[in-house]
Amino acid sequence: MSNSLTMNAYQAEASSTAQYRWKVIYPALGLANEAGEVLGKIKKLIRDKEITFGEIQDLPGNDRAEIAAEIGDVLWYCAMLAKDLNISLNEVAYMNLDKLASRKARGVIGGSGDDR
């Protein structure tokens, strides 16, 4: 596997593993589910290993790997949802960066609401 992978290349490769009938709905549901699994892993670290807020970024390798695997699942569902909507992941990434840059320039990056 190459060390450089574009968002679009990931999306194309990942789509070769997609097996579902309900376009848009299935990946949207999967995205919510997998995001919950990321949170569940973090919740269990806090509960079972008593990881504190300051320690969360310095996790042992296995815990980091498990969370990374769940983040990968989130990425897969994002890629498939975007594909089903005929949007490239590169386009999503650039749109998001533009939105964040605009918010930063206007001093509203820390506010709330979509239209800030």
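Helices (H or I, at least four residues) and strands (E, at least two) are DSSP runs, numbered from the N terminus. The structure is a predicted model, in which local features need pLDDT of at least 70, side-chain atom pairs count only at pLDDT 80 or more, and totals for chains, interfaces and linings use all residues. Residues are numbered from 1 along each chain as its sequence is written, and side-chain values use heavy atoms, with hydrogens and water left out.

The protein has four helices and zero strands. Its elements follow the order α-α-α-α from the N terminus. The C-alpha atoms fill a box of roughly 45 × 40 × 30 Å along the principal axes. The radius of gyration is 17 Å, whereas a compact globule of 116 residues would have a value near 13 Å. This radius is taken over C-alpha atoms, and the globule rule is 2.2 Å times the number of residues to the power 0.38. Of the 116 residues, 21% are buried. Buried means under 20% relative accessible area, exposed means over 50%, and partly exposed lies in between (1.4 Å probe, protein chains only). Contact means heavy atoms within 4.5 Å. Among contacts with a separation of 6 or more, 70% join residues 24 or more positions apart.

Two packed helices are described by the angle between their axes and the distance between the axes. Helix α1 (residues 7-15) packs on helix α3 (residues 61-84) at an angle of about 90°, and their axes are 9 Å apart. This makes α1 roughly perpendicular to α3. Axes are lines fitted to C-alpha atoms, for helices over the stretch in contact, and angles run from 0 to 180 degrees between N-to-C directions. Angles under 35 degrees count as roughly parallel, over 145 as roughly antiparallel, 65 to 115 as roughly perpendicular and the rest as oblique. On the α1 side, Tyr10, Gln11, Ala14 and Ser15 take part. They meet Gly72, Leu75, Trp76, Ala79, Met80, Ala82 and Lys83 of α3. Seven residues of this contact are nonpolar, three are polar and one is charged. Here Ala, Val, Leu, Ile, Met, Phe, Trp, Tyr, Cys and Pro count as nonpolar, Asp, Glu, Lys and Arg as charged, and the others, Gly among them, as polar.

A nonpolar core is a set of buried Ala, Val, Leu, Ile, Met, Phe, Trp, Tyr and Cys residues joined through side-chain atoms within 4.5 Å. The largest core has nine residues: Tyr10, Ala14, Tyr20, Trp76, Tyr77, Ala79, Met80, Ala82 and Leu89. Helices α1 and α3 each supply at least two of its residues. Helix α3 gives the most, with five. Apart from this core lies another, of six residues, among them Leu45, Leu59, Ile67 and Val74.

Ala14 sits in helix α1 and is buried, at 7% relative accessible area. Not counting residues up to four places away in sequence, Ala14 touches Trp76 and Met80. Ala14 and Met80 are 66 residues apart in sequence, yet 7.8 Å apart in space, C-alpha to C-alpha. Met80 belongs to helix α3 and is buried, with a relative accessible area of 0%. Beyond its neighbours within four places in sequence, Met80 has contacts that include Gln11, Tyr20 and Pro27.

Two loop residues other than glycine have positive phi values. Val24 has phi near 70° and lies in the loop between α1 and α2 (25-48). Val24 is partly exposed, at 30% relative accessibility. Asn86 has phi near 60° and lies in the loop between α3 and α4 (89-105). Asn86 is exposed, at 73% relative accessibility.
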